[in-house]
Amino acid sequence: MTDKTMTPDDVVARLHDGMTIGIGGWGSRRKPMALVRAVLRSPLTDLTVISYGGPDIGLLAAAGRIRRLVTPFVTLDSIPLEPHYRAARQRGDFALTEIDEAMFMWGLHAAANRLPFLPVRAGLGSDVMRINPELRTVTSPYEDGEEFVAVPALRMDAALVHLNRADRLGNGQYLGPDPYFDDLFCEAADTAYLSCEEIVAGFAGAVPQTLLVGRHSVSGVVETPNGAHFTSCVPDHDRDEAFQRMYAATPWEEFAERFLSGGDEKSYQSAVRTWHEERPR
């Protein structure tokens, strides 16, 4: 029995400049935002980030922490294109590897299974091959002789994911409608850190399919109530749409000064509550 509980800052202390970091969730849904905010409080930089991108990418890009991004998209869901990501990309602040969603998924599968690549049909005949000239194709060794894209494994030094529940050993449960490939992120990384809405003593009576992440792939567990804010983490909380709209419309420096300049996650949550109290009704 091993107690793997830690704080967000404990997690970031295990990371270092130049790492390849995967961030779970999907768009503006169940992102490990408390862990991302902990990265922003640190000097950590020069990162290669792998993500089905949402505000995690917007925050890190605006703060200048990304060297290369590997992603199929960066969206806020109800706002189609993440504006702070777009501004950073238009400035040429970091390199971009943009691939098809299915290619991205199979890159995670390859890494989770410690394979160098997996063959997929996705991407053939598209501009994905043109804008990523480093991609290669392979031919089936069987009599069909079909050509496939050889999607390279998306290996990571560390993965950050957020689930609804976890125990102190590193087992994690999702209660919403979709796993968002968080299990693959954990298995594709050398180390993985799981934040959750609540740490529980066990999962008695749980539907087995909801027990998404196993302790064998988790290095640390962080209890962060509302830690996915402002993304959704249903059924615990929906996306904070009002806050997201404000984030998207606010200059980065102004947003960072008000909401990210505090010394810990409690400061952020307090600033969010104050903002809601001050909003016109």
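Biologist: Is T48 buried or exposed?

Modeller: The model is predicted, and burial is read from the relative accessible area, where under 20% counts as buried. T48 has a relative accessible area of 8%, so the residue is buried.

Biologist: Which strand holds T48?

Modeller: T48 belongs to strand β2, which covers residues 47–51.

Biologist: Which residues is T48 in contact with, leaving aside its neighbours within four places in sequence?

Modeller: A contact needs heavy atoms within 4.5 Å. With those neighbours set aside, T48 touches M19, T20 and I21, and also R67 and R68.

Biologist: With which side chain does the side chain of T48 make a polar contact?

Modeller: The partner is the side chain of R67, at 2.9 Å.

Biologist: Now the whole chain. How many helices and strands does the chain have?

Modeller: There are ten helices and eleven strands. The radius of gyration is 19 Å, close to the 19 Å that the globule rule gives for 281 residues, so the chain is as compact as a globular protein of that length. Along the principal axes, the C-alpha atoms fill a box of roughly 65 × 50 × 35 Å.

Biologist: What percentage of the 281 residues in the chain is buried?

Modeller: Buried residues make up 54% of the chain. Of the contacts with a separation of 6 or more, 73% join residues 24 or more positions apart.

Biologist: What share of the accessible surface belongs to carbon and sulfur atoms?

Modeller: Carbon and sulfur atoms account for 51% of about 12,600 Å². As for charge, the chain has 28 positive and 39 negative charges, and their mean positions are 2 Å apart.

Notes:
Residues are numbered from 1 along each chain as its sequence is written. This is a predicted model: local features need pLDDT of at least 70, side-chain atom pairs count only at pLDDT 80 or more; totals for chains, interfaces and linings use all residues. Side-chain values use heavy atoms; hydrogens and water are left out. Helices (H or I, at least four residues) and strands (E, at least two) are DSSP runs, numbered from the N terminus. The radius of gyration is taken over C-alpha atoms; the globule rule is 2.2 Å times the number of residues to the power 0.38. Buried means under 20% relative accessible area, exposed over 50%, partly exposed in between (1.4 Å probe, protein chains only). Accessible areas come from the Shrake-Rupley method with a 1.4 Å probe; for residues, only the protein chains shown count as cover. Lys and Arg count as positive and Asp and Glu as negative; His and the chain ends are not counted. The place of a charge is taken as NZ of Lys, CZ of Arg, CG of Asp or CD of Glu. A polar contact is a pair of N or O atoms within 3.5 Å; within protein, one must be able to donate a hydrogen and the other to accept it, and residues adjacent in sequence count only if both atoms are side-chain atoms.
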